Amino acid sequence: MAGAAPTTAFGQAVIGPPGSGKTTYCLGMSEFLRALGRRVAVVNLDPANEGLPYECAVDVGELVGLGDVMDALQLGPNGGLLYCMEYLEANLDWLRAKLDPLRGHYFLFDCPGQLTAVHLVDSHYCTDPAKFISVLCTSLATMLHVELPHVNLLSKMDLIEHYGKLAFNLDYYTEVLDLSYLLDHLASDPFFRHYRQLNEKLVQLIEDYSLVSFIPLNIQDKESIQRVLQAVDKANGYCFGVQEQRSLEAVMSAAVGADFHFSSTLGLQEKYLAPSEQSVEQEAMQL
């Protein structure tokens with residue numbers, strides 16, 4: 001029917017551990033999408049979010065607030081959040097009524113951090129083999145349990161230089177290459193040496209599923225945001241028209257010469273990979 005609002009909704013459910021940068025991601029992505037000409041509605045589903053930096057179309061805080069629940073029911077943060085989510089589930093009619101006028105918008109759902117599908121992981125975990133294996137297990141579990149198209153991001157790439165040298169090329173972590181090299185690093189640690197068999201089983205599980213990979217994200221860089229958006233659009237089947245393509249070209253051309261900069265994978269390797277470790281990494285890349 002001509003002029004009718006689209007019946008298919010597109011968007012992203014932004015999840016990840018607390019402090020991984022979900023709210024900042026929603027701010028940066030919403031600004032980028034608006035520059036392309038998309039109508040964007042950011043939906044805050046985290047009752048603990050206060051002082052939101054983005055323009056919020058729907059805020060669960062209007063229905064229930066974590067602080068009020070904790071005070072009224074004498075609950076801690078985790079128990080209070082669970083109560084808030086159950087309260088939202090019991091009042092989905094409220095959420096539907098808020099979303100109905102936004103038909104035709106592209107949605108960004110800023111979800112509570114404790115819900116462990118744009119899934120953000122802090123890139124500093126790449127500097128610690130044990131933590132990176134843990135992140136891989138968490139990401140795999142999330143992909144298996146969240147029944148949505150899924151994109152994993154290594155967030156805060158603009159801060160990775162503060163985390164120290166990476167043992168391998170960035171591609172090793174984003175593509176999740178031969179994890180036996182991580183086991184060798186763990187074997188040099190007296191503590192983890194005793195848990196080699198456990199780590200081997202975890203690595204085998206991750207490699208057997210062969211599902212986890214990451215896209216590096218610098219939310220301050222338009223080219224980085226564009227790569228993430230392309231991956232999300234491909235995952236959920238969103239197709240845009242000629243006008244948005246023109247807007248994208250205009251946005252990206254405006255970024256030339258601006259303060260946005262995102263190093264290539266090779267540049268990151270040269271900057272953050274210790275020279276003595278490059279030969280080991282090159283061997284891993286050839287496998």
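Q: At what angle do the axes of helix α2 (residues 66-73) and helix α3 (residues 77-90) cross, and what does that make α2 relative to α3?
A: In this predicted model, the axes of α2 and α3 come within 9 Å and cross at roughly 110 degrees. That makes α2 roughly perpendicular to α3. Angles of 65 to 115 degrees count as roughly perpendicular, those under 35 as roughly parallel, those over 145 as roughly antiparallel, and the rest as oblique. Axes are lines fitted to C-alpha atoms, for helices over the stretch in contact, and angles run from 0 to 180 degrees between N-to-C directions. Helices (H or I, at least four residues) and strands (E, at least two) are DSSP runs numbered from the N terminus.

Q: What makes up the contact of α2 with α3, by residue and by class?
A: Leu 66, Val 69, Met 70 and Leu 73 of α2 make the contact with Pro 77, Gly 80, Leu 81, Tyr 83 and Cys 84 of α3, where contact means heavy atoms within 4.5 Å. These residues divide into eight nonpolar, one polar and no charged. Ala, Val, Leu, Ile, Met, Phe, Trp, Tyr, Cys and Pro count as nonpolar, Asp, Glu, Lys and Arg as charged, and the others, Gly among them, as polar.

Q: Why are α5 and α7 called oblique to each other?
A: Helix α5 and helix α7 (residues 180-187) pack at an angle of about 140 degrees, with their axes 9 Å apart. They are therefore oblique to each other. The crossing of α5 and α7 is left-handed; that term applies if the near helix is turned anticlockwise from the far one by less than a right angle, and right-handed applies if clockwise. Pro 129, Ala 130, Phe 132 and Ile 133 of α5 make the contact with Leu 182, Leu 183, His 185 and Leu 186 of α7. By class, seven of these residues are nonpolar, one is polar and none is charged.

Q: How do you know that α5 and α9 are oblique to each other?
A: The axes of α5 (residues 129-145) and α9 (residues 196-209) come within 10 Å and cross at roughly 45 degrees. The two helices are therefore oblique, and their crossing is left-handed. Ile 133, Leu 136, Cys 137, Leu 140 and Leu 144 in α5 meet Leu 202, Val 203, Leu 205, Ile 206 and Tyr 209 in α9. This contact has 10 nonpolar, no polar and no charged residues.

Q: In what order do the strands of the open sheet run, and which stand at the edges?
A: The open sheet has seven strands in the order β3-β2-β4-β1-β5-β6-β7, with parallel pairing. At its edges stand β3 (56-59) and β7 (215-216), each with a single partner strand, so one side of each is left without a neighbour in the sheet.

Q: What makes β1 and β4 a pair of strands?
A: Two strands pair if DSSP finds at least two bridges between them. Strands β1 (residues 10-15) and β4 (residues 106-110) pair in the parallel sense over five bridges. In β4, Asp 110 is the bridge partner of Val 14, and Leu 108 is that of Gln 12. β1 also pairs with β5 in the parallel sense, over two bridges.

Q: Over which residues does pLDDT stay under 50?
A: It does so over residues 258-287; pLDDT is the predictor's confidence in each residue, from 0 to 100. The mean for the protein is 84, and 85% of its residues reach 70 or more.

Q: What conventions apply to the numbering and the values?
A: Residues are numbered from 1 along each chain as its sequence is written, and side-chain values use heavy atoms, with hydrogens and water left out. Local features need pLDDT of at least 70, side-chain atom pairs count only at pLDDT 80 or more, and totals for chains, interfaces and linings use all residues.
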